[in-house]
Amino acid sequence: MTDTLENASTYQRIYALVNRIPSGQVATYGQIAAMVGSCTARMVGYAMAALPYDTDIPWQRVINRQGKISPRGGGDGALKQRQLLEAEGIQFDTKGRVDFEQAGWPGPDWGWLAENDFFPADLPWA
DNA sequence: CTTTTGACGCGTA
DNA sequence: CTACGCGCCAAAA
């Protein structure tokens, strides 16, 4: 077997992709799902929910399509997430939404894609 | 082995 | 602007 993400599980691919989001930028669940391929936005949400609390994955940079932070079961995590994003320079409007034109993640770089044989067919940003 | 349970997005009305 | 339905996977008990 290879070390490429090609044959990795869906969750593993999602985590790998989320891990590529640079500080100061945010991506949506649907965006990640589209890049992973054969995956829906909900899958990404499930993958985030399954993450351990002590993960290195920048889960806080993944928000919903409305530019808002998903309320999560309890609610304390959402506030923490906003604070982390603000600390990275992300700006929220009065409605608590992020402007994707300003902080949206364009996607992973091509070099990384080639390195991991990660090359879905229908990418809107390709 | 089965059942439960989650951080969603998009079209349509 | 709101409301509703549908699609889909993995881990834990």
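I started from Pro58, which counts as buried at a relative accessibility of 7%; I take buried to mean under 20% relative accessible area, exposed over 50% and partly exposed in between, with a 1.4 Å probe and protein chains only. The model is a predicted one, in which local features need pLDDT of at least 70 and side-chain atom pairs count only at pLDDT 80 or more, whereas totals for chains, interfaces and linings use all residues. Residues are numbered from 1 along each chain as its sequence is written, chains are lettered from A and ligands numbered from 1 in the order in which they are written, and side-chain values use heavy atoms, with hydrogens and water left out.

**Where Pro58 sits**

I placed Pro58 in the loop between α3 and β2 (62-63); helices (H or I, at least four residues) and strands (E, at least two) are DSSP runs, numbered from the N terminus. Leaving out residues up to four places away in sequence, I found that Pro58 touches Val18, Asn19 and Ile21, where a contact means heavy atoms within 4.5 Å. I also looked up the C-alpha atoms of Pro58 and Tyr15, which are separated by 9.0 Å although the two residues are 43 residues apart along the chain.

**Chain A as a whole**

I counted 6 helices and 2 strands in chain A, in the order α-β-α-α-β-α-α-α along the sequence. Of the 126 residues in chain A, 44% are buried. Among contacts in chain A with a separation of 6 or more, 65% join residues 24 or more positions apart.

Which residues of α1 are buried? I list Arg13, Ile14, Tyr15, Ala16, Leu17 and Val18, and the elements that cover them include α2, α3, β2 and α6.

I then checked α1 (residues 10-18) against α3, whose axes come within 10 Å and cross at roughly 80 degrees; axes are lines fitted to C-alpha atoms, for helices over the stretch in contact, and angles run from 0 to 180 degrees between N-to-C directions. The two helices are therefore roughly perpendicular to each other, on a scale where angles under 35 degrees are roughly parallel, over 145 roughly antiparallel, 65 to 115 roughly perpendicular and the rest oblique. On the α1 side I noted Tyr11, Ile14, Tyr15 and Val18, which meet Met43, Val44, Tyr46, Ala47 and Met48 in α3. This contact has 9 nonpolar, no polar and no charged residues, with Ala, Val, Leu, Ile, Met, Phe, Trp, Tyr, Cys and Pro counted as nonpolar, Asp, Glu, Lys and Arg as charged, and the others, Gly among them, as polar.

For α2 and α3 I read an angle of about 105 degrees with the axes 7 Å apart, which makes α2 roughly perpendicular to α3. Here Tyr29, Gly30, Ile32 and Ala33 in α2 meet Ala41, Val44, Gly45 and Met48 in α3, a contact of 6 nonpolar, 2 polar and no charged residues.

**The cores**

I looked up nonpolar cores, meaning sets of buried Ala, Val, Leu, Ile, Met, Phe, Trp, Tyr and Cys residues joined through side-chain atoms within 4.5 Å. The largest has 26 residues, and Ile14, Val18, Ile32, Val44 and Met48 have the most contacts inside it. At least two residues of this core come from each of α1, α2 (29-36), α3 and α6 (110-115). Not counting residues up to four places away in sequence, Ile32 touches Ile14, Leu17, Val18, Ile21, Ala27, Val44 and Trp105. I noted a second, separate core of 9 residues, with Val26, Ile69, Phe92 and Ala103 among them.

**DNA strand C**

What surrounds DNA strand C? I find Tyr11, Thr40, Arg42, Met43 and Tyr46, taking a residue as near the strand if one of its heavy atoms lies within 4 Å of it. Helix α3 (residues 41-49) gives the most to this surface, with 3 residues, and by class the surface divides into 3 nonpolar, 1 polar and 1 charged.

**Positive phi**

I checked Ser38, in the loop between α2 and α3, which has a positive phi near 50 degrees without being a glycine and is exposed, with a relative accessible area of 81%. Asp117, in the segment after α6, is not a glycine either and has a positive phi of about 50 degrees; at 41% relative accessible area, Asp117 is partly exposed.
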